[in-house]
Each structure stands twice: as C-alpha cells, then as structure tokens.
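Me: I would like to go through the side-chain features of a model one by one. Could you give the general idea each time, and then the case at hand?

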Amino acid sequence: MDLAVKLIVFLPLLAAFVAGFFGRAIGDRGAQVVTTGALLVAAALSWFVFFKVGFGGAGGTARLATWIVSGTFDVAWALRIDTLTAVMLIVVTTVSSMVHLYAVGYMADDKSVPRFMAYLSLFTFAMLMLVTADNLVQMFFGWEGVGLASYLLIGFWYDRPSANAAAIKAFVVNRVGDFGFALGIFALYLLTGSVQFDAIFKAAPELAKITFPLLGCAVPALTACCLLLFIGAMGKSAQLGLHTWLPDAMEGPTPVSALIHAATMVTAGVFMVARCSPLFEYSQVALDVVTVVGASTAIFAATVGLTQYDIKRVIAYSTCSQLGYMFFALGVSAYPAGMFHLMTHAFFKALLFLGAGSVIHAMHHEQDMRHMGGLKDKIPQTYWLMWIGTLALAGIGIPGIGGFAGFHSKDVILESAYAAHTAVGGYAFWLGIVAAFLTAFYSCRLMFLTFHGKPHDKHHYDHAHESPPSMLIPLYVLAAGAIVAGFLGEAWFVGHHEKEFWRASILILPDHHALHGAHDVPTWVKWSPLVVAVAGIGLAWWFYVKSSFGLPKMMVDAFPAVHRFFFKKWYFDELYDLMFVRPSFWLGRQLWKKGDIGIIDGVGPNGLAAGSQRLAGVLGRTQSGYLYHYAFAMLIGVALLVTWYMLSRGR
Amino acid sequence: MIGLENWALAGPEIFLVVVAMGLLMFGAFRGERSVEAISWISALALMICVALVVKGNSGTGYNGLFVVNPFNAAMKVLALIGSAVAIVMSRGFMSREGVWRFEYPIVILLATVGMMVMLSAADLMTLYVGLELQSLALYIIAAFQRDNLRSTEAGLKYFVLGAVASCLILYGASLVYGFAGTTSHAGLARVLAEGPPSAGAVIGLVFILSGLAFKVSAVPFHMWTPDVYEGAPTPVTALFAVAPKIAALGLLVAVVMGPFRPLLDQSRQILIAVAVASMAWGAFAAIRQDNIKRLMAYSSIGNMGYVLLGLAAGTEEGIRSVVVYMTIYLVMNLGTFACILAMRRDGIMAETIQDLSGLSRNHPRMALAMLFFMFSMAGIPPLAGFFGKLNVFIAAIDAGLYWPSALGVAASVVAAFYYLRIVKVMYLDPPVRPFDAPMEGVLSGVTFVAAVFVFPFFLVFQSPFLATAQAAAHALFMR
C-alpha cells in the first residue's frame with residue numbers, strides 16, 4: 001500500500017525529470033511515452049489504492065523523511081492516506097493520464113513537446129503532493145508547486161504576449177490567496193504549536209473557545225484561521241473576488257485547461273477545506289462565509305458564461321460556477337457532497353474541455369464560436385461525446401432512477417443546501433437553482449453555436465477534420481466517467497454507505513445534518529433542478545436553433561445594460577485594474593523612477609560617479625600650469641597647517 | 001686612526017662619488033662615444049653600492065652628522081635599484097631623442113648620492129645638504145631634453161617650486177634651531193622631550209614637514225607633479241616616480257620618528273590631513289586624465305597618501321607597512337614605466353590612454369603585464385599592491401585611525417576606476433595600430449621581472465620582505 005502510494009506520487013516526478021532534462025536525448029516520442037506511461041501506471045495504482053482505502057478500510061501515514069526540524073517546529077515529508085486522499089488520487093491520476101494521452105495528439109505539431117509533457121507531469125506530482133500531504137507545510141509545498149506548474153503551462157507559448165500576461169495574472173492573483181493561506185498556517189502553528197493535521201484537528205475544539213486581540217477587537221481564533229485558509233482556497237479555486245485569473249488562464253494549451261483549470265488544481269481549494277473539515281466544523285461563521293461566497297460565485301460565473309463567445313472561456317466560467325457549487329456544499333457541512341461533485345465534475349468538465357480542444361484542433365486553433373457552426377457532421381464523434389459532457393454538466397437525470405454524473409452530485413448539493421434550513425442555506429439553494437438553469441442554457445448555447453446552424457467560416461469548416469485516436473480515446477474514457485460516475489458513486493459518497501466510506505477523513509458535527517436531511521427533502525426540491533435544467537436546454541434550443549429571426553440579438557438589444565454588465569464580467573477586471581493594478585503600477589513606477597533611479601541611483605552610484613567626474617573637473621582646473629599658482633598653493637598649505645596647529649594646540 | 005670607521009660607515013656614498021668623478025673624467029676625455037660604457041658602469045656601480053649598503057654596518061659617525069641603520073639602509077637599497085633601472089631603461093628613449101649624453105647617468109649617480117646622504121642624515125645640516133644635492137641633480141635631468149619646450153618648462157617649474165620647498169625646510173630648520181638650540185637629531189629629540197613643545201619648534205616642524213611633503217608630492221604640495229611628470233623625458237619621469245620619492249619618504253619617516261618623535265601627536269595630525277587629502281586628490285583628479293604620464297603622477301600622489309597613512313600610525317607596524325609599500329610601489333612603477341616607454345609608433349612616443357586600445361590583441365604579453373600592474377595598483381588581491389594597502393590599513397586601524405582608513409578605502413575604490421579603465425581599454429576596445437616591435441630587451445626584461453614580482457612572486461615569497469621591513473622598522477624604535 002505504502003509503496004503503491006509512493007509510486008503514485010513520485011512516478012510523475014521521475015517522468016517530469018526525465019522528459020524535462022533529457023527531452024532532447026529521448027525525443028518527442030520518448031518524452032510522450034515516459035510521461036504518459038508513468039501516469040497510466042500511477043492511475044492504475046490509484047484505483048487499486050482507492051478500492052483498498054475506500055472499500056477495504058485501509059489507510060495510514062507513510063513517513064518519508066524529516067524535512068525541517070527547528071526548535072518545536074517539526075515538519076516531515078509524509079504521505080497521508082485516507083479516503084479523501086484516495087478520491088483525489090483517482091481524480092488526479094485518471095484525468096491527468098487521459099490528458100497526457102490527449103496531449104500526445106493535440107500537441108503533436110508543437111516545437112517543444114518534451115517541455116510540455118514534463119510540465120504536465122511536474123504539475124501532476126505537485127498536485128499529488130498536495131493531496132497526500134500530512135501537514136500544512138507539505139500541502140503548501142504542493143500548493144505552490146501546482147501554482148508554479150500552472151504558471152509555466154499558461155505561459156507555455158511564451159512568445160504570445162497575452163499568454164505571458166495571463167500567466168503573470170494567474171500567479172499574482174494566486175499570490176493573494178496564498179498569502180492568506182500562509183497566514184493561516186502561521187496562525188495555526190502559533191496557536192497549536194504544530195502544522196501536522198492530526199495535532200491541529202485535535203486542538204480544534206479548544207481553539208474554538210479562545211480569542212485573540214486584534215485592533216482592539218476580540219477575534220475568535222479558529223474563525224480567523226479558517227477564513228485565512230479559505231482565502232487561500234478562494235485564490236486557487238477561483239472564487240468570487242479572486243476568480244479573475246481563471247478565464248485568462250485559457251491562454252494555455254487546451255489539455256492544460258482540462259487538467260489544471262477544470263479537473264484538478266482549481267479543486268485544490270475544495271479539497272483543502274474538506275481536509276480541514278475538523279476546523280471549519282467548529283466555526284459557523286467560516287462555514288457561512290464559505291456558503292455565501294460559493295453560492296455567489298455559482299451565480300456570478302453562470303451569468304458571465306451566458307455572454308461569452310470564446311469556447312474555452314464559456315467552459316472556464318462554467319468551471320468557476322461549478323466550483324461555487326462545491327463550496328456552498330462544504331459551507332452547509334455537506335463535505336461529501338462537495339467532494340462527490342468534485343469527482344464527477346472532474347470527469348465531465350475534462351471531457352468538455354478536451355472536446356472543445358478537439359473542436360479547436362479541427363478548426364485550426366479557432367476558438368471564437370461565432371466563427372464555428374454546423375460542425376456536427378464534420379466531427380460527429382466529438383459532437384456526441386460533448387453532448388454527454390453537456391448533459392452531465394446540466395445535470396440531466398430522473399430523481400429516484402438516475403442520470404448523468406452531474407445530476408447525482410449537483411442534486412445532492414442543492415438538496416443539502418435546502419436541508420440546512422438556514423438563511424445562508426436558503427440563499428445558496430435558490431441561487432443554485434437559478435445557476436442550474438443558466439448552466440443548462442449556456443452549455444447548450446455552446447453546443448448549438450458550435451455544432452448546429454450554418455458554418456460561419458467556410459474555409460475553416462471545409463478543412464475541419466475529426467481528431468486522431470490518441471485524442472478520442474481519452475474522450476471516450478472521460479465520457480464513460482461522465483455517465484456512470486454519479487450513478488456508481490452516489491451510495492458510497494453521499495448515500496447510505498457514506499459513513500463507512502469517508503470514515504475519519506471528514507468530520508461532520510452531529511448537529512450539522514444537511515447531508516442526511518438531503519434525502520428527506522420535499523419532492524419539489526428534488527425535481528426542481530431537473531425542471532430548470534430542461535427549461536434551460538429548451539430555451540437555448542429555441543434561441544439558437546428554432547428561431548431564425550435573431551432572438552439572441554433582440555434580447556441583447558432589449559437589455560443592453562444587463563448584457564454589457566454580464567459580457568464585461570461584472571466589470572471585475574476593470575475594477576481591479578482601477579483599484580489595484582494601476583495604483584500598483586503607479587507606485588512601482590514612482591519607486592522605480594523616483595525612488596530607485598532618482599534617489600538611490602541618483603545619490604548612490606550615478607550621483608557618486610557624476611560627483612566624482614565633477615570633482616575631477618574642478619581638481620583638474622586647479623592644475624593651471626602657472627608657477628605662481630602652484631607656489632601660492634604651497635604657501636596656503638603651509639599657512640593652513642600652521643593655523644590648524646596653533647588652534648589645536650590651544651585645546 | 002680616528003675617522004676610519006666614519007669612512008667605512010659612509011663607504012657606499014664615497015664609492016658612488018668616486019665612481020661619478022671618475023666617469024666624469026672618462027666622459028670628458030672620451031666624448032659622447034663613451035655614453036654607452038658610462039651608463040652601464042653607472043648602473044653597475046649602483047648595484048655594487050646596493051651590495052655595499054647591504055653588507056655595511058649600522059652606526060653613527062662624523063660627530064653625529066651621519067647615521068646608518070637598517071631602516072635607511074633598506075630605503076637606500078630601494079632608491080639605488082630605482083636609479084639603476086631608470087638608467088638602463090633610458091637608453092632607447094634618450095638616444096632616439098638625441099640626448100643620450102654621458103652626463104646623464106653621472107647626474108643620476110650624483111642625485112643618488114644626495115638621496116643616500118639625506119637618508120643617512122643625523123643632523124638638520126646633513127639633511128639639507130643631501131636634499132640639495134639630490135634636488136639640484138634632478139632639476140638638471142628634468143630639463144635634460146633642453147631643446148624641448150616641455151622638458152625645459154618642467155625643469156624650470158621643478159626648480160622654482162623645489163627652491164620654495166627648500167626655503168620652507170631651511171626656514172623651519174632655523175626656527176627649530178632657534179627654539180631648541182641644536183640641529184642634531186639626537187639633541188633635538190632630547191630637548192623636545194623635556195617639556196611641552198614650544199610653539200616655535202612646532203611651527204618649525206610644520207615648515208620642515210611641508211618641505212618634505214613637496215618632495216614626496218603630497219597634497220597640497222603636489223602641484224608640480226603632473227606638469228613635471230608630463231614634461232620631463234619619460235625615463236626621467238620613471239626615475240622621479242621612484243628613487244626621489246623613496247628617498248624623500250625615508251627622510252620624512254626618519255625625521256618624524258627621530259628628532260621629532262616627541263612631537264609625534266602634532267606631526268600625526270599633519271600627516272593624516274596630508275595623507276587623506278593626497279589619497280582623495282590622487283583618486284579624483286586622475287579620473288579625467290588622458291595622458292598616461294599625468295595619470296601616473298596622480299597615481300603616485302595617491303600612493304603617497306597611503307604611505308603617509310602608514311607613517312601616521314606611528315607604530316612599528318606602521319613603519320613596516322611603509323617599507324613594504326614602497327618596495328611594491330617601486331616595482332609596480334618601474335614595470336608600468338617600462339611599458340609606457342615601449343608605447344612608441346614609428347619612433348614617436350604615444351602617451352594617451354587611447355593609444356592602448358586593443359593592446360591585448362596586438363601585444364598580448366605587454367597587455368597582460370600592464371593588467372597585472374593596474375590590478376596591483378588598484379589593490380586587487382592576490383596581487384602585490386593589495387598586500388601593500390592591506391598592511392597600511394591594518395597598521396592604521398590598529399593605531400585607531402578609523403576615519404582616515406575608511407576614507408582611504410573609499411579613495412581606493414575611486415582610484416580603481418582609472419586603473420580598471422586602462423584594463424578595459426586594453427582588453428575590450430577595438431585595436432588601433434600596433435606599437436613598434438620588438439620591445440627593447442631591457443624594457444621587456446624589466447616588465448617581465450616586475451610583472452612576475454607583482455604576481456605571483458610576492459604572494460609566495462613575501463615573508464623575507466616582511467622580515468626585512470620588520471627589522472628596518474624596528475631600528476627606528478630602538479633606544
């Protein structure tokens with residue numbers, strides 16, 4: 001078991017090392033084989049571990065090495081294996097191996113295949129490190145590692161200015177979140193004297209009772225810690241406020257979007273909050289904040305997704321929105337529901353992204369949906385596979401019988417929110433219902449714009465072609481997941497076997513019964529998500545297929561302000577630009593031009609140099625060549641020295 | 001036979017005078033053809049004199065007018081070597097300029113005698129006589145190229161200003177005599193130690209120090225240096241840069257640590273002021289110089305500042321650092337001037353820094369040697385110049401001279417600019433027309449020996465130098 005987990009974690013690192021440093025020696029094919037092979041092995045091992053842990057009751061901690069020992073600060077490299085980890089292992093390695101395989105076809109024409117494969121594997125290693133972490137510092141290591149890999153991969157095409165800008169944006173925005181995360185770790189260490197999960201969790205009930213003074217207020221210690229950690233989660237998982245980097249991150253190659261910005265890295269925040277459930281459970285305030293932020297993100301991102309034209313950006317906003325669902329599930333203490341949605345979402349969202357990649361591939365890297373259309377006959381396999389992803393995302397299924405993966409997980413989330421019977425739960429439920437409607441609408445809008453109607457770009461259309469097998473196989477695998485994952489997993493993740501499945505990896509206090517209540521909600525609650533989803537699909541069909549007289553354009557003309565507000569992404573970027581970016585640039589420019597060049601350089605190196613030059617000029621001029629000047633200088637010198645003598649003698 | 005020991009004591013000086021007189025006769029009768037022979041005999045005589053000085057005993061003679069001790073012996077050796085090398089380096093230049101006369105080496109011999117006498121002075125009278133002998137000889141050779149306007153101007157300037165400096169020393173000596181009643185160094189030391197120093201004696205000391213500061217070209221008595229260095233024939237400049245500097249500095253040390261030891265606190269203040277001013281002036285004023293001879297003038301001003309800082313420490317360690325510094329200074333300057341003397345295109349001397357452009361490609365060995373000298377003067381380890389400065393700073397810090405040391409370090413940073421600029425020009429700038437080849441044998445020999453001394457010889461074999469310097473310094477502290 002331990003060996004299997006170690007292999008899972010370190011095989012990708014080894015592959016990244018080989019492909020990264022010996023890529024030129026082993027060639028493109030070699031790099032693809034090494035990395036994809038390593039990931040496929042890791043994925044197989046992950047499923048083995050998942051069954052052993054989830055259903056066989058295995059688990060434990062594998063200590064690898066001592067990392068930092070300084071006084072009472074003791075951090076080890078250790079792999080923590082429990083159900084939560086096992087779920088993440090299968091999600092990460094399965095999607096990652098499929099994306100690796102997909103990238104073989106998708107990136108075939110790229111100049112630096114080994115580098116790309118190495119980055120992908122490096123990312124996978126960091127993500128695995130994150131999910132197997134036994135302490136907050138190791139988790140932070142993985143956290144920063146995935147951030148780094150994300151930065152490298154978004155900016156993979158570094159000759160594109162927009163890709164560089166997006167990479168920097170992702171890095172900087174994540175830094176804000178990471179700052180909160182780091183503060184949270186510091187605070188927890190300060191309060192508990194440890195960064196190891198078990199020790200911290202043990203101390204949580206005590207922490208809930210203490211406060212510390214800050215600016216004259218008594219701040220509840222645990223709530224403060226949880227909120228700081230949640231800020232980290234918000235950054236990584238692109239929650240409202242810190243979400244701005246995610247749509248821009250679509251500048252990266254599509255496999256990256258599928259792996260990092262849909263299935264795995266962005267869910268790290270969800271995982272972290274779930275991992276820290278023994279902390280969050282004792283802080284109602286923190287849970288409420290998580291719920292409100294999650295629900296707000298869900299509706300915000302859905303509204304923006306309605307109006308975007310870039311095929312990947314629509315899916316990116318959809319990801320953002322779905323992450324919001326996961327968070328408000330966590331917020332109402334339905335951690336298993338959140339994790340369940342994380343798992344199913346990984347499959348269908350990766351499927352959608354890879355499908356979109358297949359479309360983009362077919363269209364020769366055209367991403368604007370206005371230039372697509374009518375592609376369903378050209379690339380039928382992609383078309384049908386993407387329908388599976390879309391229906392899973394929209395959450396189509398019949399209550400009591402079953403449906404696509406998203407149906408099972410999204411329904412239980414909404415039901416839990418309703419069953420929480422709290423104000424924030426209600427807020428989350430209603431926003432979630434509206435967002436479900438919007439989700440169905442925009443995802444079908446994507447499908448109709450792309451695959452139905454008339455081709456808008458004849459040239460691209462004529463050259464469109466179905467993708468190679470290496471790209472289609474992963475789509476089929478993920479599509480299978482998108483169909484059956486919810487159906488198969490429901491009983492274990494959120495159903496009757498939930499307790500024996502999760503065991504100690506998730507803590508839910510007895511008086512937080514949203515998840516249990518989810519099974520006993522009124523029938524209308526059970527049916528409403530399906531109703532709104534079908535309504536959304538129908539409306540989209542009416543808008544984009546049925547009506548031939550430009551209904552969408554009429555809507556836009558009818559509500560120009562609303563459309564512009566959504567289309568401009570609620571003006572977040574503009575606002576941040578005004579509030580943070582420009583003042584930062586201004587400050588930076590001031591410090592640079594005036595502070596560094598003006599004062600430090602001016603007075604320091606340059607000033608001294610210029611002063612020396614001037615002084616040299618002055619001294620040079622004294623060398624007049626006239627004898628009497630020289631003699632005079634000597635006499636003045638003697639006079640000065642005598643005078644100084646006489647004066648200093650008096651003292 | 002009373003007095004024989006006196007003769008023995010002054011043996012090297014007497015030997016040198018006799019040789020000079022003999023050569024004068026030889027030259028007068030043989031005419032200009034004799035110049036080759038006379039120059040080589042002079043150099044040989046100087047080297048024999050080195051042996052005599054090394055073998056000679058310490059002691060005081062001539063009724064307390066003349067003293068020999070390890071310190072002045074060491075300084076004499078350095079001065080003699082400087083003179084000898086300067087003579088042999090002169091040949092090519094002087095013959096090309098048509099001033100390769102037999103008087104030239106003889107005048108240098110007489111100047112050297114003057115240096116030795118002043119170094120051995122144990123009385124203000126001997127001091128003055130030696131100083132004047134040296135100075136008068138140097139005035140002559142500064143203007144030796146007498147149909148060259150710049151050379152004569154340099155000689156005249158040197159003469160007039162040197163006369164002013166002589167006046168200062170004489171006036172100071174008379175004041176000291178008036179207040180102390182004696183001109184003997186031993187007597188002065190005794191009298192001045194008796195009570196609080198009288199104002200007259202102190203002012204006399206200031207005048208004497210000022211006059212000597214002129215000779216070592218320390219600020220503010222340095223003004224003659226760049227003009228004379230530039231104007232004088234280059235081999236003469238090479239001589240000026242080494243032998244008289246060493247002699248004058250040795251004299252300064254002897255005066256400050258000998259008769260005026262009781263006034264050390266007072267002289268230290270002057271020395272520090274002069275040292276800091278020299279270091280700074282030498283560093284800053286050189287930045288804009290294009291003429292390499294003028295640059296070397298400022299370099300020597302700066303170097304004298306560092307030596308004076310070592311002297312200002314007033315400790316055995318400080319004097320030791322002075323001796324070591326002067327040794328290294330001698331070698332670096334001789335090597336650099338050997339290179340400068342080789343800067344010649346179609347028989348015309350090239351004197352600007354730009355003439356060194358791309359030297360590394362035309363004359364790689366010369367450029368490498370020059371690189372060593374410049375790095376050494378800039379005080380970059382592990383070259384010899386670094387150890388010279390290091391010893392001075394250690395001595396100064398140990399004596400509590402923190403601020404002057406800090407200023408000295410700062411000045412050396414500024415000075416590094418123009419030394420490194422030469423390296424940059426040699427190695428990074430596009431090559432210009434190459435210099436005349438081949439380099440004269442003597443010059444390349446001097447360059448090679450000096451470069452090897454600067455690195456790695458001194459790094460490896462510094463202990464004998466340190467030991468000699470230690471013994472020399474110790475002599476001044478024996479009572």
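Reply: Start with a charge over a ring: this holds if NZ of Lys or CZ of Arg is within 6 Å of the ring centre and within 35 degrees of the ring normal. The model here is predicted. In it, K593(A) sits over the face of W592(A), 4.4 Å from the ring centre. In chain B, R261(B) lies over the face of F477(B), with 4.8 Å to the ring centre.

Me: How many aromatic pairs are there over all chains?

Reply: A pair of aromatic rings is described by the distance of the centres and the angle of the planes. The count over all chains is 74 aromatic pairs. One of them joins Y158(B) and F214(B), which are stacked at 6.5 Å centre to centre with 25 degrees between the planes. This pair links distant parts of the chain, 56 residues apart: Y158(B) is in helix 7 (residues 149-180) of chain B and F214(B) in helix 9 (residues 199-215) of chain B.

Me: Is Y158(B) buried or exposed?

Reply: Buried means under 20% relative accessible area. Y158(B) has 2% and so counts as buried; F214(B), at 0%, is buried too. Another pair, F386(B) and F387(B), is edge-to-face, with 5.2 Å between centres and 70 degrees between planes. There, F386(B) is partly exposed at 23%, whereas F387(B) is buried at 14%.

Me: Which residues form one aromatic cluster?

Reply: The cluster is in chain A and includes W47(A), F50(A), F340(A), W492(A) and W502(A).

Me: Which residues touch the most other members of the largest nonpolar core?

Reply: A nonpolar core is a set of buried nonpolar residues joined through side-chain atoms within 4.5 Å. The largest one has 207 residues, and L279(A), F280(A) and M339(A) touch the most other members. Helix 15 (residues 335-362) of chain A gives the most to this core, 18 residues. Beyond neighbours within four places in sequence, F280(A) is in contact with residues including C226(A), F230(A), V273(A) and Y335(A). A second, separate core has 200 residues, among them L109(B), Y139(B), A312(B) and L330(B).

Me: How many salt bridges does the structure hold over all chains?

Reply: Side chains of opposite charge can pair when their charged atoms come close. The structure holds 30 salt bridges over all chains. In one of these, the closest N and O atoms of K293(B) and E351(B) are 3.4 Å apart. K293(B) is in helix 13 (residues 292-313) of chain B, and E351(B), 58 residues apart from it, is in the loop between strand 4 (348-349) and helix 15 (359-362) of chain B. Both K293(B) and E351(B) are buried.

R344(B) and E440(B) also meet in a salt bridge, 4.0 Å from N to O. R344(B) is in strand 3 (residues 344-345) of chain B and E440(B) in the loop between helix 18 (402-428) and helix 19 (441-460), so this pair ties together parts 96 residues apart in sequence.

Me: What lies between chain A and chain B?

Reply: The two chains bury about 2,800 Å² between them, 76% of it on carbon and sulfur atoms. The contact takes 24 residues from chain A and 34 residues from chain B. On the chain A side, Q623(A), M634(A) and Y645(A) lose the most area to chain B, together 26% of what that side buries. Across this interface, 0 salt bridges are found.

Conventions
Residues numbered from 1 in each chain as written. Chains lettered and ligands numbered in written order. Predicted model: local features only at pLDDT ≥ 70, side-chain atom pairs only at ≥ 80, totals over all residues. Heavy atoms only, no water. Phe/Tyr/Trp six-rings, centres within 6.5 Å; stacked < 30°, edge-to-face > 60°. Helix = DSSP H or I, 4+ residues; strand = E, 2+ residues; numbered from the N terminus. Buried < 20%, exposed > 50% of the residue type's maximum accessible area, 1.4 Å probe, protein only. Contact = heavy atoms within 4.5 Å. Buried area = accessible area lost by both parts, 1.4 Å probe. Salt bridge = Lys/Arg side-chain N within 4 Å of Asp/Glu carboxyl O.
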